[in-house]
Amino acid sequence: MSERPAELVVHATGLLSTVQDLGRPGLAGLGVPRSGGADRASLRLANRLLGNPEGAPVVEATLGGLEVGLTATRWCVVTGADAPVEVDGTPVGVGSPFVLRAGARLRVGSPAHGLRSYLAVRGGLAVAPVLGSASQDVLSGIAPLPLGEGTRVPLGRVDEVPVVPVDVAPVRMWSGDPVLEVDPGPRRDWVSDEAWRTLTSAVYEVSSRSDRVGVRLSGPAVERAVHAELPSEGVVPGAVQVPPSGEPVVFLADHPTTGGYPVCAVVVPASLPLLAQLVPGQGVRLRPARR
């Protein structure tokens, strides 16, 4: 009789917990979004700390509430948001690998700063990919293994993962006044210079309607200078779209492959991890990128 593979057992998912890796690049021409971890830097870090391949599947938890156990003892780590992490009630550090013994319970609480936490297990999560990725896409509905209470996720083989002796990674410094750097977008000329100054000087508030598709910003309207119809165009993560309301929408990991509103700015890649960690109700500024 073959031995049953080790598994991660989900006891609670909180607001939203999904399996994510680095997504499905190269399929936009077929209408398939890239998806993947919203804060890709934290996802990569979690895997590096355990010696996993950078793109190995992990669990992405939004606003905490994740509770899991393992059927076999493994090294684990949680990165991303500044959230309390406990194993059977004993605190462990964010960004610090720890041993989660079989039968113990790991809980990620509500973050003091940030929004999304990333749980990696040594050996990775052995989720069968769909279109080349194990990621759940909330927009398209692609979900190789949706997580819910009682879900059991197979773990990868640990003898295929080198041992990396890391105690702790540098802790992210959280600013009370987050700033996203932006470059002019392909439709910068569709907004006036005054509207551009408004976009890049005002303080916006992150709307509660934000999700993995995009971060909606409440605040001063960005007035369009051109009011013609715009054919659908390809968009990228960080694209700042101006809908008829004038309140910007900044696309995240599960953004559509095309959009019909002008993209007047694009968040630079270095600011995308911060974008993924913005919490509803939080203030944020957009500023021209420094070169």
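This is a predicted model: local features need pLDDT of at least 70, side-chain atom pairs count only at pLDDT 80 or more; totals for chains, interfaces and linings use all residues.
## The end of helix H1

## The buried side of H1

Let's look at the helix itself. H1 spans residues 40–50, and its buried residues are Ser42, Leu43, Ala46, Asn47, Leu49 and Leu50. These residues cover an arc of only 160° around the axis, so they sit on the same side of H1.

What covers these buried residues? The cover includes four strands: S2 (16–20), S3 (58–62), S5 (74–82) and S10 (113–121).

You can find Asp39 in the loop between S2 and H1. Is Asp39 buried or exposed? Asp39 has a relative accessible area of 0%, so it is buried.

Setting aside residues up to four places away in sequence, Asp39 touches Glu60, Tyr118, Arg172, Pro273, Ala276 and Gln277. With one of these, Arg172, the side chain of Asp39 makes a polar contact of 3.1 Å.

## Positive phi without glycine

Now turn to two loop residues. Asp88 is not a glycine, yet its phi is positive, about 50°. Asp88 belongs to the loop between strand S6 (85–87) and strand S7 (90–92). With a relative accessible area of 56%, Asp88 is exposed.

Leu131 is not a glycine either, and it has a positive phi of about 55°. Look for Leu131 in the loop that runs between S10 and strand S11 (152–154).

How values were computed: Residues are numbered from 1 along each chain as its sequence is written. Side-chain values use heavy atoms; hydrogens and water are left out. Buried means under 20% relative accessible area, exposed over 50%, partly exposed in between (1.4 Å probe, protein chains only). The arc is that of the directions from the helix axis to the C-beta atoms. Contact means heavy atoms within 4.5 Å. A polar contact is a pair of N or O atoms within 3.5 Å; within protein, one must be able to donate a hydrogen and the other to accept it, and residues adjacent in sequence count only if both atoms are side-chain atoms.
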